[in-house]
Amino acid sequence: MPVTPSRLLLGPGPSPVPPSVLAALAQPTIGHMDPAFMKIMDETRQMLMKVFDTTNELTLAVSGTGSAGAEALMVNLLEPGDTALICVNGVFGGRLADKAGRCGANVVKIEAPWGTVFDQEALIEKIKEVKPNLFAIVHAETSTGAHQPLDRLGKAVHDVGGLFVIDCVTSLGGAPVKIDEWGVDAAYSGTQKCLSCPPGLSPVTFSPRAIERIKARKKKVQSWYLDMTFLMNYWTGNRAYHHTAPVNMNVALHEALRLVLEEGLEKRFERHRQTHAYLAEQIKPLGLPFTNQKGHRLPMLNPVAIPAGVDDKQVRARLLNEMNIEIGAGLGDLAGKAWRIGLMGHGSTKQNVDTVVGALKKVLADIPAKT
Ligand code: PLP
């Protein structure tokens with residue numbers, strides 16, 4: 001049996017997985033049509049609705065990682081010729097634009113500098129101008145650490161007859177995500193960030209308006225695997241076989257969600273805020289400033305500037321190989337310029353802040369800055 005090293009996961013995900021979630025994963029595999037599994041699916045849906053803060057019946061875990069959830073939303077909600085207005089201020093907004101284009105949509109991008117958030121007023125003006133069929137935005141841009149406010153956009157999108165779509169891969173379970181209150185029509189997430197489950201499933205939710213849109217499609221959804229009509233049937237309808245669900249992953253997600261709700265969402269969000277504040281305080285003496293916009297910093301993903309002359313790869317390699325600590329590299333525009341310190345879910349603790357700050361201090365002291 002391959003043996004994985006024991007790492008402290010303080011990067012952009014996966015995050016540390018609690019022992020009871022790993023134990024849930026290792027239970028005997030049962031069939032994907034077993035009534036015992038159906039019960040686990042029902043309970044998972046109910047718990048996901050609480051975590052998404054929604055009454056949406058069409059809330060379930062797509063088999064596949066967060067990217068599968070993103071594709072599920074795009075292929076079901078867009079048809080060729082539709083207009084998609086996509087906000088791009090980092091890697092994941094860019095990917096959404098790519099996915100919308102592959103569905104045959106006319107993609108209109110609105111961009112903001114990496115690390116910053118969009119002004120909601122400016123977005124509302126753009127929505128009025130473009131009148132998109134679908135408007136999509138990333139709530140927690142993991143590539144930059146930008147925490148996008150979303151509370152004012154739903155009405156503007158609905159006023160022009162569009163659907164409001166969000167990526168909450170990194171925020172779900174670590175910061176408030178209010179699907180119904182914000183008027184979100186469809187959202188996707190991942191299991192491996194603030195839900196602290198291994199990667200492999202993508203929680204999604206669709207509003208009744210989004211379901212209407214799917215029912216009114218002129219063309220079949222081009223992805224058979226991600227066609228929500230089939231998935232809805234398997235999860236909530238006549239339970240017809242669609243695909244062999246990754247049973248053990250779903251059992252693990254059930255346990256991860258149970259832990260999230262046992263802690264309580266508000267308490268969990270507060271823990272993430274406090275751990276972030278503690279990191280901000282502790283990392284100051286190291287001279288590693290945050291690279292994201294003040295006032296809009298994610299609590300679970302902290303991008304810090306790499307000091308001039310310091311070798312990014314060498315530092316991360318020493319943390320990993322000598323101390324078993326994983327932090328994230330910069331992505332896209334921030335490659336080689338920033339490190340990303342993830343304090344997600346189970347990993348969001350002051351003790352982990354002390355560990356990673358102590359480790360960085362040691363390694364940075366050992367590596368003389370290049371001149
Ligand atoms: N969206 C965001 C904001 C992410 O952070 C990620 C992954 O890091 C994704 C989408 C894609 O998810 P996955 O890598 O699970 O497919």
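What we have is a predicted model, in which local features need pLDDT of at least 70 and side-chain atom pairs count only at pLDDT 80 or more, while totals for chains, interfaces and linings use all residues. Residues are numbered from 1 along each chain as its sequence is written, and side-chain values use heavy atoms, with hydrogens and water left out.

Let me start with the whole chain. The protein has twelve helices and 14 strands, where helices (H or I, at least four residues) and strands (E, at least two) are DSSP runs numbered from the N terminus. For 371 residues a compact globule would have a radius of gyration near 21 Å, and the protein agrees, with 21 Å; that radius is taken over C-alpha atoms, and the rule is 2.2 Å times the number of residues to the power 0.38. Of the 371 residues, 56% count as buried, meaning under 20% relative accessible area, with exposed over 50% and partly exposed in between (1.4 Å probe, protein chains only).

Now to the backbone. Most residues other than glycine have a negative phi, and most peptide bonds are trans. Gly 13 and Pro 14, however, are joined by a cis peptide bond with omega of about 5°, and Pro 14 sits in the loop between β1 (8–9) and α1 (19–25).

Ser 196 has a positive phi, near 55°, in the loop between β9 (186–188) and β10 (201–206), and it counts as buried because its relative accessibility is 2%. Asn 324 also has a positive phi, near 60°, in the loop between α11 (312–323) and β12 (325–326), but at 30% relative accessibility Asn 324 counts as partly exposed.
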